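Visitor: I have a model open and would like to learn how to read it. Could you walk me through the features one by one?

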Amino acid sequence: MMLSVRDLRVSFRTQEGLVRAIDGVSFDLREGEILGVVGESGSGKTVSLLAVMGLITDPNAIIEGSIRYRERELVGLPARELRRLRGNEIAMIFQDPMTALTPVYTIGGQIAEQIRAHKRVSKSQALERVEELLAEVNFPNPREAMSRYPHQLSGGMRQRAVIAMALSCNPALLVADEPTTALDVTVQAGILDLVRKLRATHNSAVVFITHDMGVVSELADRVMVMYAGRVVERGSRTELFSDPQHPYTRALLGSIPPLTGEKPRRLPAIPGSPPSLLRLPDGCAFGPRCPVNYEPCRTGKPVLGDGTHAAACFRVQA
Amino acid sequence: MIEQDQPILETRELSKRFSIGTRFSSQGKRTVHAVDNVSLTVRRGETVGLVGESGCGKSTLARCLVRLYDITDGQLLFEGDDITGKSLTELRPFRRRLQMVFQDPSASLNPRRRVGDLVAEPLRIHTKLSSREIAKRVAELFDLVGLLPDHVMRYPHEFSGGQRQRVGIARAIALNPDLVVLDEPVSALDVSVQAQIVNLLADLQEKLKLTYIFIAHDLSVVRQVSTRIAVMYLGSIVEEGPAEEVFATPAHPYSQALISAVPIVETTSGSVRKRIILAGDVPSPLKPPSGCRFHPRCPIAVERCRVERPELTEHRSGRKVACHFPTLQPAS
């Protein structure tokens with residue numbers, strides 16, 4: 001197993017009390033596998049991956065549990081050692097490429113700097129590598145793009161530059177946090193192709209965070225659905241989409257309007273909105289919005305079972 | 001009958017250009033062709049969906065339609081009245097019948113005022129109702145959009161995104177408008193909340209006999225709400241027609257690429273959709289390409305497309321395409 005996360009808990013001390021952003025998340029990732037993490041804002045999908053990357057530096061954050069990457073425990077690892085892993089073996093792509101790039105350096109300069117931070121190469125060697133990388137992420141004219149500044153590129157180009165940077169050290173694990181959310185569908189299609197190609201050529205494992213069920217269904221081998229800081233369902237792509245178990249997964253899939261065929265007169269909507277992590281309901285967090293009325297859900301918190309396809313729901317487990 | 005047939009809103013060769021820079025700027029004074037020669041007819045009771053990539057001019061067009069922007073060229077007619085050049089005072093009687101809902105409800109609602117007050121504002125400006133009558137109307141509106149009566153005293157930050165958008169909608173319908181322009185009304189909302197707002201908009205349309213112009217980049221949402229679709233590329237409409245037809249058999253190569261790029265949930269892993277990946281990026285509206293605006297990225301472009309710009313012409317009843325070689329057959 002490449003990455004093994006066990007019972008991860010992340011809490012933040014705030015003025016209004018302790019916020020449990022992640023409440024017992026466990027998952028595994030194999031080499032070369034694409035894991036899709038789906039959830040809405042506040043479901044904890046980003047925080048759990050920031051924890052894996054060791055990027056939660058807030059002094060008010062409490063991180064518990066275990067994150068093992070290739071037999072090494074990452075929780076509690078000194079910052080120096082984490083830095084050596086990050087950018088080298090583990091790379092990350094963020095949602096907004098404009099904030100991930102510095103506006104005052106050229107694209108080529110930034111990527112070369114990243115390479116030289118991890119590999120002992122000369123500046124000209126690094127720049128040669130940058131040109132290769134930009135060609136790999138489908139820049140029509142890589143040499144010219146190297147001398148451009150981020151603001152001179154379009155959104156899709158910028159995101160491809162960020163991906164080129166993430167790929168610069170041939171990462172074994174790539175974490176992508178909503179990398180296509182700010183992009184148009186036509187550009188998104190190109191980026192998704194790129195992620196697939198990356199897995200095929202470098203055998204990198206990818207954790208892909210998104211709120212878009214369509215994207216996950218096209219890209220991921222396995223899927224994890226999160227709600228209010230917990231994993232509510234997990235399974236292979238086929239298991240999850242052809243036989244969704246958890247009422248939240250089912251409702252979410254049902255509420256997406258179809259692109260072909262008959263138009264429903266009304267969409268089957270989920271009532272209410274995602275709960276605030278400060279005031280989580282008793283029992284199952286999805287309980288107040290759940291179409292299933294079942295007594296145990298009001299008091300106990302359902303736990304995700306074992307097995308490849310599992311749902312954290314008393315009704316499903318009953 | 002004549003009344004019935006008259007379009008509620010019509011644009012005739014409407015253009016909006018912005019000048020940027022001054023003659024002292026490094027590249028001199030330049031012109032952005034944001035909306036270019038758009039002729040669009042909106043009939044009473046229908047929902048026209050505007051789709052296209054970011055920067056295609058759909059939001060600029062929307063803002064021109066409610067006269068938030070001044071129109072550079074062409075005409076804008078509301079129920080046959082030319083309102084293109086009307087002054088702000090002359091526009092007032094039209095404003096109450098022509099409303100807009102914006103994308104981000106947290107940006108369009110004043111954070112320092114109670115939401116009841118925000119919804120009452122258009123009533124205070126446009127009607128002579130007493131404060132008691134206004135309070136009664138606000139309560140009615142809150143009920144209509146699915147908010148509770150005691151929400152009136154709250155501030156925008158005390159609401160979730162979906163509830164805030166309900167406030168934005170309540171404010172837009174406060175004056176019983178005829179036409180509402182919705183600019184990405186669900187894009188900023190959580191996925192599980194989007195369907196609620198889409199349903200609410202459909203209910204309101206039925207109850208209040210509203211006409212919508214609906215802008216969104218999420219194509220499946222647009223298909224769900226629209227009766228007619230206009231696909232925009234670089235400031236112009238490249239295809240127009242009944243929503244389900246355009247989605248089932250897109251005729252313009254750009255519409256085909258756009259629709260094929262939407263990721264959809266496949267429950268059966270066998271069927272793989274054919275995806276058209278467009279080369280390059282949307283060209284800058286500062287320097288639009290010659291001939292057909294789409295030709296540099298078009299998979300079927302020939303020499304003629306480089307030179308001659310195709311007009312938006314009707315090929316089949318209700319289907320208009322601006323392409324020299326439209327394919328009016330099923331695409332997939």
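Guide: Happy to. Keep in mind that this is a predicted model. Let's begin where the chains meet: 38 residues of chain A are in contact with 37 residues of chain B.

Visitor: Which elements give two or more residues to the side of chain A that touches chain B?

Guide: To read an interface, go from the residue count to the elements behind it. Here they are α7 (155-167), α8 (185-202), α9 (213-219), α10 (237-242) and α11 (247-254) of chain A. The top contributor is α8(A), with six residues.

Visitor: And how many residues of that side are nonpolar, polar or charged?

Guide: The side of chain A that touches chain B has 17 nonpolar, 14 polar and seven charged residues.

Visitor: Let's stay with chain A. How many helices and strands does chain A have?

Guide: Counting elements is a handy way into a fold. Chain A has 12 helices and 11 strands. With a radius of gyration of 21 Å, close to the 20 Å from the globule rule for 318 residues, chain A is as compact as a globular protein of that length.

Visitor: What share of the residues in chain A is buried?

Guide: Of its 318 residues, 46% are buried, where buried means 20 or more other C-beta atoms within 10 Å of the residue's own.

Visitor: What does the UniProt annotation say about residues 5-253 of chain A?

Guide: An annotation comes from a record, so treat it separately from the geometry. The unreviewed UniProt entry labels residues 5-253 of chain A "domain: ABC transporter". In the model, that span is 41% helix and 27% strand, and its end C-alpha atoms lie 27 Å apart.

Visitor: Now chain B. Which domains does the assignment give?

Guide: Watch for a domain built from separate stretches of sequence. In chain B, domain 1 is 2-97 + 177-321, and domain 2 is 106-175. Their centres, taken over C-alpha atoms, are 29 Å apart.

Visitor: How many residues of the two domains of chain B are in contact?

Guide: In chain B, 13 residues of domain 1 are in contact with 12 residues of domain 2. On the domain 1 side, helix α8 (residues 191-208) of chain B gives the most, with six residues. By class, that side of domain 1 of chain B has 10 nonpolar, one polar and two charged residues.

Notes:
Residues are numbered from 1 along each chain as its sequence is written. Chains are lettered from A and ligands numbered from 1 in the order in which they are written. This is a predicted model: local features need pLDDT of at least 70, side-chain atom pairs count only at pLDDT 80 or more; totals for chains, interfaces and linings use all residues. Domain bounds come from an automatic or database domain assignment. Two residues are in contact if their C-beta atoms, placed from the backbone, lie within 7 Å. Helices (H or I, at least four residues) and strands (E, at least two) are DSSP runs, numbered from the N terminus. Ala, Val, Leu, Ile, Met, Phe, Trp, Tyr, Cys and Pro count as nonpolar, Asp, Glu, Lys and Arg as charged, and the others, Gly among them, as polar. The radius of gyration is taken over C-alpha atoms; the globule rule is 2.2 Å times the number of residues to the power 0.38. A residue is buried if 20 or more other C-beta atoms lie within 10 Å of its own, exposed if 12 or fewer, and partly exposed in between; C-beta atoms are placed from the backbone.
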